[in-house]
Amino acid sequence: MEPSVVSRNSELRAAVADTLKALEGLVAAASKLDWSPSDGFLPLVRSAIIKRQYECLSVAVDLVDKSHGFAAVPLLRPACEEFLWSKYLSSLKSADAETLLVIMASREMRDSLRAQDDYAGRSVSESLGLTKYIKSNEATAKSLNARTKALGAKLKWEKRTVENAQLPSMAFVAKTVGETPLYRYLYHASSRFVHFSPTELLRRTWGRTGSVTVSSTHFSNYWDAFVMYWGVYLMASTFPQVTPDGSGDEEFGMDGELLLEAARRISAHGAIPIITAEELAWETDAQ
């Protein structure tokens, strides 16, 4: 890319680094909780989201420093889901949000046990000490489905979702919280990094007839900027959903002034598109 683009990336990287520094106090506070079972899982999940998103963005910056931003872009997928789910959970009554989390965790555990057992066999499951958990999950499967249906009906999930005792789709969650445009934009963009994508692979091929090189450096500046900008955007969107109401800068030791200044610089940089004119021109020439 042009030198000016590289320079702008350096400015963006500095602003992202300042954002991380400004949030150190918040992350430290979220890393140690005074918790008891009666508090439920919701505060644990919220704190874990803060920690994971902060650490993933820190890793993204490290990868950008090595011109490996492409390896960090897949981290945007769970960050996008965490934002949408956090906003959805915040829209529910605390009891319903807690019930939903317990159901989700139970279903994930059941699916993981089933996948492990189906792949490796019951003898391996026994050697791993998983047999009693497999049997327990099999015995409570009907009850879990009934709880899922009841909650789905109460929360007005789509009819087919409720009838099949399924969890709501990301599309439904995004629509419910008014984030369909963001979902369609970033979910599509991140899908190209977590699934087989000829288009994404072809970004690594560049040249003309008779001479084509294959390298991730061709789009490194684009990927670096994309993961930094949208990583900060998602974190900034998610944190207000998972931090306690009324919490302020002083309570968590955040540097509010540094955070606002970094946000101004990131905003001035501008959003990064999911497709560029250069790659479209290359694709057209290649056809």
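# A guided tour from helix 5

Begin by selecting residues 94–120, which form helix 5; at 1.5 Å a residue its 27 residues should span 39 Å, and the end C-alpha atoms are 39 Å apart, which agrees. The expected span is 1.5 Å times one less than the number of residues in the helix. Helices here are DSSP runs of H or I with at least four residues, numbered from the N terminus.

The model is predicted: local features need pLDDT of at least 70, side-chain atom pairs count only at pLDDT 80 or more, and totals for chains, interfaces and linings use all residues. Residues are numbered from 1 along each chain as its sequence is written, and side-chain values use heavy atoms, with hydrogens and water left out.

**Stop 1: the buried residues of helix 5**

Within helix 5, colour the buried residues, among them Asp-96, Leu-100, Arg-107, Arg-110 and Asp-117. Buried means under 20% relative accessible area, exposed means over 50%, and partly exposed lies in between (1.4 Å probe, protein chains only). Next, show helix 3 (42–65), helix 4 (76–91), helix 6 (122–127), helix 7 (131–139) and helix 8 (141–154), against which the buried residues of helix 5 pack. Contact is taken as heavy atoms within 4.5 Å. Then select Gly-121, which follows helix 5 and has a positive phi, near 100 degrees.

**Stop 2: salt bridges**

Side chains of opposite charge can pair when their charged atoms come close. A salt bridge is a side-chain nitrogen of Lys or Arg within 4 Å of a carboxyl oxygen of Asp or Glu, and by this rule the count comes to 13 salt bridges.

Select Arg-52 and Glu-82, which form a salt bridge with their closest N and O atoms 2.6 Å apart. Arg-52 lies in helix 3 and Glu-82 in helix 4, so this pair ties together parts that are 30 residues apart in sequence. Arg-52 counts as partly exposed, at 23% relative accessibility, whereas Glu-82, at 16%, counts as buried.

Is Lys-154 buried or exposed? Lys-154 is exposed, with a relative accessible area of 52%, while Asp-96 counts as buried at 9% relative accessibility.

Move on to Asp-117, which forms a salt bridge with Arg-122, the closest N and O atoms being 2.8 Å apart. Asp-117 counts as buried at 12% relative accessibility, and Arg-122 as partly exposed at 31%.

**Stop 3: the nonpolar core**

A nonpolar core is a set of buried Ala, Val, Leu, Ile, Met, Phe, Trp, Tyr and Cys residues joined through side-chain atoms within 4.5 Å. Which residues of the largest nonpolar core touch the most other members? Among its 66 residues, they are Val-16, Leu-84, Tyr-88, Leu-100 and Phe-226. Helix 13 (residues 220–242) gives the most to this core, with 13 residues. Select Leu-100 and, leaving out residues up to four places away in sequence, find the residues that it touches: Trp-85, Tyr-88, Leu-89, Leu-92, Leu-151, Trp-157 and Leu-167.

**Stop 4: Lys-87**

Finally, select Lys-87 in helix 4, which counts as partly exposed at 23% relative accessibility. Thr-176 is 89 residues from Lys-87 in sequence and 9.5 Å from it in space, C-alpha to C-alpha. Apart from neighbours within four places in sequence, Lys-87 is in contact with Val-177, Glu-179 and Gln-241.

Key. Helices (H or I, at least four residues) and strands (E, at least two) are DSSP runs, numbered from the N terminus.
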